[in-house]
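Here are my notes for anyone opening this one for the first time. Keep the viewer handy while you read.

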2 protein chains.
Amino acid sequence: MDYNIVPLNELISQFSRLPGIGKKTAQRLAFNILQQPEENAQKFAEALINARKQIHLCKCCQSLTDRELCLICDDSRRNHSVICVVESPKDVLAFERTKEFNGVYHVLHGIISPLDGIGPEHLKIKELMARLSCENITEIIMATNPTVEGEATASYISRLVKPMGIKVTRLAYGIPVGGDLEYADEYTLARALEGRNEI
Amino acid sequence: MDYNIVPLNELISQFSRLPGIGKKTAQRLAFNILQQPEENAQKFAEALINARKQIHLCKCCQSLTDRELCLICDDSRRNHSVICVVESPKDVLAFERTKEFNGVYHVLHGIISPLDGIGPEHLKIKELMARLSCENITEIIMATNPTVEGEATASYISRLVKPMGIKVTRLAYGIPVGGDLEYADEYTLARALEGRNEI
């Protein structure tokens with residue numbers, strides 16, 4: 001699959017380095033770029049460079065931002081004494097969409113996963129501890145994913161935080177809204193039963 | 001789905017303009033770029049600009065190249081009196097992979113498709129006619145796709161070329177090698193029967 005055209009091969013190889021983009025798709029995308037006006041390629045290139053250069057981690061919550069503090073950390077109307085701890089910046093967006101959470105976030109950028117060689121030192125746990133010791137925090141909500149690694153990370157952090165006298169909570173497990181009991185797995189159903197509320 | 005981060009939104013929108021890339025995939029790709037070292041984004045941007053700037057149509061066969069003449073047109077060992085007419089530069093590559101064709105190509109960049117508003121004037125037919133009148137061509141192989149539009153384009157061009165006393169041929173229809181007769185459609189099978197050869 002060689003076009004003998006160096007710039008084309010280079011563009012195809014750049015596209016195929018992206019996750020989920022195979023050789024064939026990369027070719028299709030590269031041909032699409034060639035068919036577009038030159039200014040579109042220019043704009044795409046600028047978007048790549050600008051995004052990579054201007055976006056960095058918020059110095060407080062470690063989420064992505066192009067400012068010093070992200071919009072959430074910088075918002076004085078939010079409750080800065082409740083921190084929701086999530087795995088990735090995408091999770092922040094998921095919570096923001098609910099419009100139900102008025103606290104702030106802390107992004108770990110991963111979860112503890114010994115099999116992948118990711119230990120606590122690779123996550124933004126130090127930064128979380130620094131926040132807990134200097135800010136006035138009353139509650140930490142552990143909102144890692146409901147997986148084995150997510151659970152392990154949540155309990156690791158809760159062991160560190162509890163001695164500081166800060167309340168640590170975990171998202172509720174249960175049946176998803178609009179779900180069907182018939183298709184719920186037994187673990188989810190058992191947790192839903194365990195966490196039942198009086199109505 | 002708004003991150004409130006202008007450079008990130010811009011990168012996501014650039015990715016989602018590519019064919020077959022939806023909003024979710026565009027987000028995933030943009031986050032991947034942010035996780036990579038800055039020099040990778042820089043290289044990607046350069047590849048985009050270089051490909052778009054340096055690649056243009058070969059002035060002879062209208063295929064893609066970064067030179068004045070593409071490597072095939074510029075190769076004196078090839079038979080320049082036989083032209084294989086194809087729809088797109090990808091088709092040139094498909095023939096080159098067979099290693100069976102030693103002639104040269106002409107890329108139409110599309111096919112006649114009245115429903116999409118594409119007439120003969122939108123294709124590189126003028127350029128083909130110019131080659132036929134000044135070069136010494138003995139045969140034109142019509143290698144458009146075996147679709148209604150491909151057929152129509154082939155017969156349109158053959159009507160233009162035949163009066164010039166140049167032989168016009170069409171790719172053979174038949175059962176694909178390694179195919180299964182049981183799954184061949186009736187039109188293909190009828191054509192295979194019609195074009196049967198003595199063994």
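The points below go through the sheets, the helices on them, the contact between the chains and the salt bridges.

1. A word before you start: what you're looking at is a predicted model. Please read every value below with that in mind.

2. Begin with the sheet in chain B. It is an open one made of four strands, and reading across you meet them in the order β4-β3-β5-β6, paired in parallel. The edge positions go to β4 (104–107) and β6 (167–170) of chain B; each has a single partner strand, so one side of each is left without a neighbour in the sheet. On average, neighbouring strands here are turned by 25° against each other, ignoring direction.

3. For a closer look at one pairing, take strand β3 (residues 82–86) of chain B. Four bridges link β3 of chain B with β4(B), in the parallel sense.

4. Helix α6 (residues 148–161) of chain B lies across β3, β5 and β6 of chain B, and runs at about 170° to β6(B).

5. Over to chain A. Its open sheet has four strands in the order β4-β3-β5-β6, with parallel pairing. At the edges stand β4 (104–107) and β6 (167–170) of chain A, each with a single partner strand, so one side of each has no neighbour in the sheet. From one strand to the next, the twist averages 25°.

6. In chain A, the pairing I'd pick out is that of strand β5 (residues 139–142) with β6(A): they run parallel and are joined by four bridges. A:Glu139 has A:Lys167 in β6(A) as its bridge partner. As for helices, α4 (residues 89–98) of chain A lies across β3 (82–86) and β4 of chain A, at about 155° to β4(A). Helix α5 (residues 125–134) of chain A also packs on the sheet, where it touches β3, β4 and β5 of chain A, and its direction makes about 145° with that of β4(A).

7. How much area do chain B and chain A bury between them? About 4,700 Å², with 72% of it on carbon and sulfur atoms. On the chain B side, B:Phe44, B:Leu48 and B:Arg52 lose the most area to chain A, together 14% of what that side buries. Counting contacts, 49 residues of chain B meet 49 residues of chain A.

8. What about polar links across this interface? The rule finds zero salt bridges between chain B and chain A, but six residue pairs in polar contact, both residues at pLDDT 80 or more. The elements giving two or more residues to the chain B side are α1 (6–16), α2 (23–35), α3 (38–54), β2 (64–65) and α4 (89–98) of chain B. The largest share, 15 residues, comes from α3(B). By type, the residues on that side divide into 28 nonpolar, ten polar and eleven charged.

9. Last, salt bridges in general. Over all chains, the structure holds twelve. One to look up is between the side chains of A:Arg170 and A:Glu151, at 2.7 Å from N to O. A:Arg170 sits in strand β6 of chain A and A:Glu151 in helix α6 (residues 148–161) of chain A, so this pair ties together parts that are 19 residues apart in sequence.

Notes. Residues are numbered from 1 along each chain as its sequence is written. Chains are lettered from A and ligands numbered from 1 in the order in which they are written. This is a predicted model: local features need pLDDT of at least 70, side-chain atom pairs count only at pLDDT 80 or more; totals for chains, interfaces and linings use all residues. Side-chain values use heavy atoms; hydrogens and water are left out. Two strands pair if DSSP finds at least two bridges between them. Axes are lines fitted to C-alpha atoms, for helices over the stretch in contact, and angles run from 0 to 180 degrees between N-to-C directions. Contact means heavy atoms within 4.5 Å. Buried area is the accessible area (1.4 Å probe) that two parts lose on being put together, summed over both. A salt bridge is a side-chain nitrogen of Lys or Arg within 4 Å of a carboxyl oxygen of Asp or Glu. A polar contact is a pair of N or O atoms within 3.5 Å; within protein, one must be able to donate a hydrogen and the other to accept it, and residues adjacent in sequence count only if both atoms are side-chain atoms. Ala, Val, Leu, Ile, Met, Phe, Trp, Tyr, Cys and Pro count as nonpolar, Asp, Glu, Lys and Arg as charged, and the others, Gly among them, as polar.
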